[in-house]
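Morning, everyone. I have one structure to walk through today. Let me put it on the screen.

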Amino acid sequence: MTVKRMDNVGIVVEDIDAAIEFFSELGLELEGRAPVEGSWADDVTGLRGMRVEIAMMRTPDGHSRLELSRFLAPPVVADHRTAPVNALGYLRVMFTVEDIDDTLARLDKRGAKLVGTVAQFEDTYRLCYIQGPEGILIGLAQELG
């Protein structure tokens, strides 16, 4: 059996409202927001007494989703927000944008920080990494040609 599709990428945040605003500015659409708790959620996560607020963000093409989660219980046990780009584990989410300069200007107003510089790969892409809300590492790519 093969994978049917990738449903979403999940990111745990402290300030879900700021994360929603940031990813909305990037062009994602808020698909829904809801509390999640109960024995089924405990069973899935292995966390007893889990309570979380989630927001599902959808890309404009409708094919990809980003799930933002703010845990209310149990307390968060680790913080990877300051890990560098070569840290093991989750690294980043990459988005293709129409105009990387315009995107950077808009996200700068939401606190985005450029990690390195905007680089060009051959005649194919302009690329960069930014840190978004709470240090979330995000890749931006603009197709050229």
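Start with G116. At 47% relative accessibility, G116 counts as partly exposed. That puts it under the cut-off for exposed, which is over 50%. Where does G116 sit? In the loop between β6, residues 113-114, and β7. Take Y90 as a reference point. G116 and Y90 are 26 residues apart in sequence. In space, their C-alpha atoms are 19 Å apart.

A word on what you are looking at. This is a predicted model. Please keep that in mind for the rest of the talk.

Now the overall layout. The protein chain has 145 residues, and buried residues make up 30% of them. There are three helices and nine strands. Reading from the N terminus, the order is β-α-β-α-β-β-β-α-β-β-β-β. The C-alpha trace spans about 50 × 35 × 30 Å along its principal axes. What about contacts along the chain?

Next, the inside. How many residues are in the largest nonpolar core? It has 25. Six names have the most contacts inside it: F23, L66, L68, F95, I130 and L140. Which elements each supply at least two residues of this core? Two are helices, α1 (16-26) and α3 (100-108). The strands are β3 (51-58), β4 (65-73), β5 (93-96), β8 (125-131) and β9 (137-143). The largest share comes from α1, with six residues.

There is also a second, separate core. That one has five residues, including V36, A41, M50 and V52.

Go back to L68 for a moment. Leave out residues up to four places away in sequence. L68 then touches I11, V13, I16, A19, I20 and F23, among others. The list also takes in E53, I54, A55 and M57.

On to the helix pair. The axes of α1 and α3 come within 9 Å. They cross at roughly 155°. That angle makes α1 roughly antiparallel to α3, because anything over 145 degrees counts that way. The crossing of α1 past α3 is right-handed.

Which residues meet there? From α1, we have F22, E25 and L26. From α3, T103, R106 and L107. By type, the residues of this contact divide into three nonpolar, one polar and two charged.

Let me stay with T103. It is in helix α3. Is T103 buried or exposed? Buried, at 3% relative accessibility. The cut-off for buried is under 20%. Setting aside neighbours within four places in sequence, T103 is in contact with L26, V97 and L140.

Now the backbone. Some background first. Most residues other than glycine have a negative phi, and most peptide bonds are trans.

P74 is in the loop between β4 and β5.

Another is E122. Its phi is positive, about 50°, although E122 is not a glycine. E122 lies in the loop between β7 (119-121) and β8. This residue is exposed, with a relative accessible area of 56%.

Then there is E134. Here too phi is positive, about 60°, and E134 is not a glycine. Where is it? In the loop between β8 and β9. E134 counts as partly exposed, at 21% relative accessibility.

Last stop, T124. It is in the loop between β7 and β8. At 32% relative accessibility, T124 counts as partly exposed. What does T124 touch, not counting residues up to four places away in sequence? Q142, E143 and L144. T124 and Q142 are 18 residues apart in sequence. C-alpha to C-alpha, that pair is 8.4 Å apart in space.

To recap. Helix α1 runs roughly antiparallel to α3. Questions, please.

Note on methods. Residues numbered from 1 in each chain as written. Predicted model: local features only at pLDDT ≥ 70, side-chain atom pairs only at ≥ 80, totals over all residues. Heavy atoms only, no water. Core = buried A, V, L, I, M, F, W, Y, C linked by side-chain atoms within 4.5 Å. Buried < 20%, exposed > 50% of the residue type's maximum accessible area, 1.4 Å probe, protein only. Helix = DSSP H or I, 4+ residues; strand = E, 2+ residues; numbered from the N terminus. Contact = heavy atoms within 4.5 Å. Axes fitted to C-alpha atoms, helices over the stretch in contact; angles between N-to-C directions. Parallel < 35°, antiparallel > 145°, perpendicular 65-115°, else oblique. Left-handed = near helix turned anticlockwise from the far one by under 90°. Nonpolar A, V, L, I, M, F, W, Y, C, P; charged D, E, K, R; others polar.
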